[in-house]
Amino acid sequence: MTDPHELKRVYWHSRRGMLELDLALMPFAEQAYAQLSRADQDIYRRLLECEDTELFGWVLQKDRPDDAELAYMIDKIIAYARQGTL
């Protein structure tokens, strides 16, 4: 079970102030994050440390992260945004 304080922290850090990022990251954090494996949660939190400009390009699929784990997480986020499932 994911700690409720961690969930709030992750949700808050998912708020970026850019509409496109907020539409992708906030629902994922709120509805899917707790269902991720611990390893995937770690990757998501690491993704949140990236710059908004990088995240923007990745979420809009104009660019790909060089890091394979971050690319994997971006793919999960995009798939979730499209289908609403992990």
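Colleague: Phe28 lies in helix α2. What makes α2 a helix?

Modeller: Helices are DSSP runs of H or I with at least four residues, while strands are runs of E with at least two; both are numbered from the N terminus. Helix α2 covers residues 19–31. This is a predicted model: local features need pLDDT of at least 70, side-chain atom pairs count only at pLDDT 80 or more, and totals for chains, interfaces and linings use all residues. Residues are numbered from 1 along each chain as its sequence is written, and side-chain values use heavy atoms, leaving out hydrogens and water.

Colleague: How do you know how confident the predictor is?

Modeller: From pLDDT, its confidence in each residue, which runs from 0 to 100. The protein chain averages 94, and 97% of the residues score at least 70.

Colleague: Why is Phe28 called buried?

Modeller: Buried means under 20% relative accessible area, exposed over 50%, and partly exposed in between (1.4 Å probe, protein chains only). Phe28 has 0% relative accessibility, so Phe28 counts as buried. Tyr80, with 10%, is buried too.

Colleague: What makes Phe28 and Tyr80 an aromatic pair, and of which kind?

Modeller: The structure holds 3 aromatic pairs. Phe28 and Tyr80 have 5.6 Å centre to centre and 85 degrees between the planes. Rings of Phe, Tyr and Trp (its six-membered ring) pair if their centres lie within 6.5 Å; planes under 30 degrees apart count as stacked, over 60 as edge-to-face and the rest as tilted. The pair is therefore edge-to-face. Phe28 is in α2 and Tyr80 in α5, so the pair ties together parts 52 residues apart in sequence. Their C-alpha atoms are separated by 6.9 Å.

Colleague: Why is the pair of Tyr33 and Tyr44 called tilted?

Modeller: Its centres are 5.7 Å apart, with 55 degrees between the planes. Tyr33 sits in the loop between α2 and α3, and Tyr44 in helix α3, 11 residues apart. Tyr33 is buried at 0%, and Tyr44 is buried at 0%. Ring pairs link Phe28, Tyr33, Tyr44 and Tyr80 into a cluster.

Colleague: What makes α1 roughly antiparallel to α2?

Modeller: The two helices pack at about 175 degrees, with their axes 8 Å apart. Angles under 35 degrees count as roughly parallel, over 145 as roughly antiparallel, 65 to 115 as roughly perpendicular and the rest as oblique. So α1 is roughly antiparallel to α2. Axes are lines fitted to C-alpha atoms, for helices over the stretch in contact, and angles run from 0 to 180 degrees between N-to-C directions.

Colleague: Which residues of α1 and α2 meet?

Modeller: Val10, Tyr11 and Ser14 in α1 meet Asp22, Leu25, Met26, Ala29 and Glu30 in α2. Contact means heavy atoms within 4.5 Å.

Colleague: How do you know that Glu6 is buried?

Modeller: Glu6 lies in helix α1. Its relative accessible area is 8%, so Glu6 is buried. Leaving aside residues up to four places away in sequence, Glu6 touches Tyr33, Arg38, Gln41 and Arg45.

Colleague: Which residues of α4 are buried?

Modeller: In helix α4 (residues 52–59), they are Leu55, Gly57, Trp58 and Val59. These pack against α2, α3 (38–47) and α5 (68–83).
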